[in-house]
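Thanks for coming. I will go through a few backbone and side-chain details, one place at a time.

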Amino acid sequence: MKPTFAMLNGKAWGLFLFAAVLAAAWFGLNLRAPDLAVGRVPLRLVLMLLSDAVILYGLWRAMARANFSRTTRVAAWLGVALILTIWIGTIWTLAVNGVFHQNIVGNVPALTVAIFLPIALGLFVLTRSQAVASLLDATPASWLVGIQVYRILGGVFLVNWIQGAIPGAFALPAGIGDVATGLLALPAAVWVASGIPIGRRIGFRWNLFGLTDFAVAVTMGTLTSPGPAHLLALDHPNTLIGTFPTVMIPAFAVPFSALLHVLSLRQLKRVQGTTARPDHEMGANEMGKPLRPDGGPFVYQRS
């Protein structure tokens, strides 16, 4: 049975309320126990690592759907897991040693490099690789949207502001933007999974909203932190943003999540480009299923 708009709306609202409960619980937990840790690892970092583990699991499932050979699948998965581990480990080590309070290459803050260098490298690879394109074709488009429900963890900035640890000029736009992106991730995923044109438009708009949130947060973080561009919050500089464990959010979570947005936009664009063309332009096999230019069947409609 094809879902109706009412059914999609009902499911989307239900997941929105579920995410809102999680966000409220996270907000309250940080107010009551801001230093809560698992062993010696701050809870917010434990949750960040769990989110990465879920993403790696989804990657494995996606490669299985793409019919990669087991050898290729294991090698590719281990390669991605190794890169992710090195990335997190490097940022973690630098953060613990206070490197993100320093400048490198003249007056360029180390944190700025940590944000933009991975994005630049990731854009170069992820937008050109045919292997990535094949993987996106086999992955339900809703996965890359719904996984970013973890963005509600950005509510910690609002808690820090309430506690007087960071200026409102940064905390309010960054915290509200992150929480809003996380709250809307699961509802947007519902619409994207429907496969209907309005669902893809919602997916595009959600991704653009999430990227805009990052642009605003990074800008306000720069303007409120000590450095050559420190123009706001002069009486209450945003020093916490460069301090462990908070710095793990801008130094790792921001560029990583931005690249997930890029992957999602590329995936949605490929789906849109496929469904927008009539079968007689794409070619069709004997079963009436559209074919790629190389003769293989399209798999973009999976969700």
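**Backbone details and one serine**

P245 sits in the loop between α9 (197-224) and α10 (248-275). Helices here are DSSP runs of H or I with at least four residues, numbered from the N terminus. This is a predicted model, where local features need pLDDT of at least 70, side-chain atom pairs count only at pLDDT 80 or more, and totals for chains, interfaces and linings use all residues. Residues are numbered from 1 along each chain as its sequence is written, and side-chain values use heavy atoms, with hydrogens and water left out.

Back to P245: the peptide bond joining F244 and P245 is cis, with omega about 5 degrees.

The loop between α9 and α10 also holds A233. A233 is not a glycine, yet its phi is positive, near 50 degrees. Is A233 buried or exposed? A233 counts as buried, at 18% relative accessibility; buried means under 20% relative accessible area and exposed over 50%, with partly exposed in between, using a 1.4 Å probe and protein chains only.

Another positive phi, about 60 degrees, belongs to N67, again not a glycine. N67 is in the loop between α2 (43-65) and α3 (70-96). N67 is exposed, with a relative accessible area of 66%.

Last, helix α10, where S257 lies. S257 is buried, at 1% relative accessibility. A polar atom of the S257 side chain lies 2.8 Å from the backbone oxygen of A253. Which residues is S257 in contact with, leaving aside neighbours within four places in sequence? They are Q148, Y150, R151 and F214, where contact means heavy atoms within 4.5 Å.

Conventions
Helix = DSSP H or I, 4+ residues; strand = E, 2+ residues; numbered from the N terminus. Polar contact = N/O pair within 3.5 Å; in protein donor to acceptor, adjacent residues only side chain to side chain.
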